[in-house]
Amino acid sequence: MTGPGTKTALTCPDTAFCNTLYSGGAVSAATARSNALRAMWKLEAMRHALGDVPISVSSGFRSYACNSAVGGASDSRHLYGDGIDLTGSPSLCTLAKQARYHGFNGILGPGYPGHGDHAHVDTRASRYWSASSCGI
């Protein structure tokens with residue numbers, strides 16, 4: 001997220017969002033877009049709390065087709081627009097731990113099957129945190 005006179009803080013490669021129209025997921029495109037925006041603002045607040053360090057997003061909204069192609073869970077929060085996968089630095093455990101204080105009810109990271117190379121955060125309704133290698 002950037003503004004006048006600011007540098008890029010959240011990096012998202014073109015492949016981070018399989019469908020930039022936010023269509024083909026579990027909710028309407030408008031709802032998915034709104035969910036994604038709220039999740040990204042929470043991520044921006046988390047980034048600020050970490051000292052304004054850059055955070056890399058490796059995956060965001062996915063359509064059903066894209067989710068299937070990448071081997072995503074059938075009930076993935078990416079299908080709703082509020083699932084975000086994070087990579088790079090700060091460490092995955094730092095990201096997972098910090099997410100607890102920034103409105104992310106879903107946190108999966110190192111120690112959870114299939115999450116050794118990224119931390120997943122989302123805004124699901126009920127809390128589910130599992131990153132046992134990080135003490136979560």
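This is a predicted model: local features need pLDDT of at least 70, side-chain atom pairs count only at pLDDT 80 or more; totals for chains, interfaces and linings use all residues.
In soluble globular proteins, nonpolar side chains tend to be buried together. When neighbours within four places in sequence are left aside, Ile84 is in contact with Ala39, Met40, Leu43, Val57, Ser59, His78, Ala119, His120 and Val121.

His118 is found in the loop that runs between β4 (106-108) and β5 (119-122), and this residue counts as buried because its relative accessibility is 12%, which is under the 20% limit. A polar contact of 2.8 Å is made between the side chains of His118 and Asp117. Beyond the neighbours within four places in sequence, His118 is in contact with Asp85, Leu86, Thr87, Leu92, Leu108, Gly109 and Pro110.

A search of the whole structure finds 1 disulfide, in which Cys93 is joined to Cys134 with an S to S distance of 2.0 Å. The pair links distant parts of the chain, 41 residues apart, since Cys93 lies in helix α3 and Cys134 in the segment after β6 (128-130). The link of Cys93 and Cys134 is left-handed, with -75° about the S-S bond. Cys93 is partly exposed, at a relative accessible area of 21%, whereas Cys134 counts as buried, at 7% relative accessibility.

Technical notes
Residues are numbered from 1 along each chain as its sequence is written. Side-chain values use heavy atoms; hydrogens and water are left out. Contact means heavy atoms within 4.5 Å. Helices (H or I, at least four residues) and strands (E, at least two) are DSSP runs, numbered from the N terminus. Buried means under 20% relative accessible area, exposed over 50%, partly exposed in between (1.4 Å probe, protein chains only). A polar contact is a pair of N or O atoms within 3.5 Å; within protein, one must be able to donate a hydrogen and the other to accept it, and residues adjacent in sequence count only if both atoms are side-chain atoms. A disulfide is a pair of cysteine sulfur atoms within 2.5 Å.
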